[in-house]
Amino acid sequence: MRKHDYFKLGAFIVVGTCMLVAVVIILGAGRYFQTTFIVESYFNESVNGLEVGSPVKLRGVAIGRVAAINFVNNKYQEANDTDARYVLVECDINPDLFQDQDYEEFRSSLNKEVTTGLRVRPTSLGLTGQLFLNFVYVDPESNPPLSIDWTPDVAYVPSVPSTLGRIEGAVTTISQTLSGIKQGDITSIVEDVKSIVDTIDNFMRAEGGKEAGNRMLSILKETNTLIARVNELMADPELERLIPEVVGAVAGVNKIVNGAADDVIAAAAEANKAMASFKKTADSLNKTLTDPRMKKAMAEIAPALENVARASGDLAAAVGKVHALANRLNSVVAGEESNIHAILEDARQVMQNLKELSGDAKRYPSGVFFGQPPEKAGSGTP
């Protein structure tokens, strides 16, 4: 090979290497010029398997990467005054996935999502043991954020334990529970279970146990028949038509109940007031009845009531006698009606005669005592 060929080969290798290095630097440096949203979270467990560059996903969509892993104490001095030994993980989030929001708008919307249950959970990436951060929505009440005494400098998303961490926690709890159980307790439990089993066995061998077993078999047969009947009813096509109607009826009833909710509440309030008034009245009545003066008055009223009852009995007897007398008089009057009528007629005649006599006495008072008045003079006498 000639000398200038070696030179060309060496120049090609050098130029190619330089171009390869330049491409690598350009591709790697592009990340340093890329704008990202920084989000941090704190973990109170091991993050073994999570590395810088691990993906960050939201419902399976890659939205960023892990930018840094550190301890909270190295960033926030307030953490040194507490017992918190959290692991700090910072993430770079791709802003292109959040439309035209700036960082402050992104941070504000992220805080709202956190209140609705947004959390970050370390998740295993297959069987390799590698982890990635998965943004998930959980129940915010059962998954409260970790206790912190500082204000995060950047957007913050609370964390929840990983699946492996929850399994470890459950195993730890079970282990603590089992360790709390003494050997004597286990022996006692086993003996109790054995005693119960022996009791059941003796009962089943006795006459009553056989009868109970036959009864249970009978119940099982009836249950089997009932289930078969239910299956037959469920297979009826008519039931498919009835179910929507029943659902509609239930919806109507629900609508009526919801519409009458205000009236029911008002009625309940009135009933509550009435019950309160009734209770107040009952308390007052109880207080009055338990008053010694009331007891004394009741004791005095009792003899008076007995006298009134006795007088009422006497009065009823007197009324009975008066009623009997009236009946007797009525019968007497009815029997002597003709005589009474004649007596009244005679009395009327007597009264008429007295009236005429009184009239004569007024006109001729002397005639009443001396007979006819004297004749007038010159009327034929000498």
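Analyst: What follows is a walk through the salt bridges and their surroundings. This is a predicted model, in which local features need pLDDT of at least 70 and side-chain atom pairs count only at pLDDT 80 or more, while totals for chains, interfaces and linings use all residues. Residues are numbered from 1 along each chain as its sequence is written, and side-chain values use heavy atoms, with hydrogens and water left out.

Taking a salt bridge as a side-chain nitrogen of Lys or Arg within 4 Å of a carboxyl oxygen of Asp or Glu, the count comes to 7. One of them joins the side chains of Lys75 and Glu40, at 2.8 Å from N to O. Because Lys75 lies in the loop between β3 (61-71) and β4 (87-93) and Glu40 in strand β1 (residues 37-43), this pair ties together parts that are 35 residues apart in sequence; strands here are DSSP runs of E with at least two residues, helices runs of H or I with at least four, numbered from the N terminus. With buried meaning under 20% relative accessible area, exposed over 50% and partly exposed in between (1.4 Å probe, protein chains only), Glu40 is buried at 0%, whereas Lys75 is partly exposed at 29%.

Another salt bridge pairs Lys279 with Asp283, their closest N and O atoms being 3.4 Å apart, and both residues lie in helix α7 (residues 261-289), 4 residues apart, about one turn of the helix. Lys279 is exposed at 52%, and Asp283 is partly exposed at 41%.
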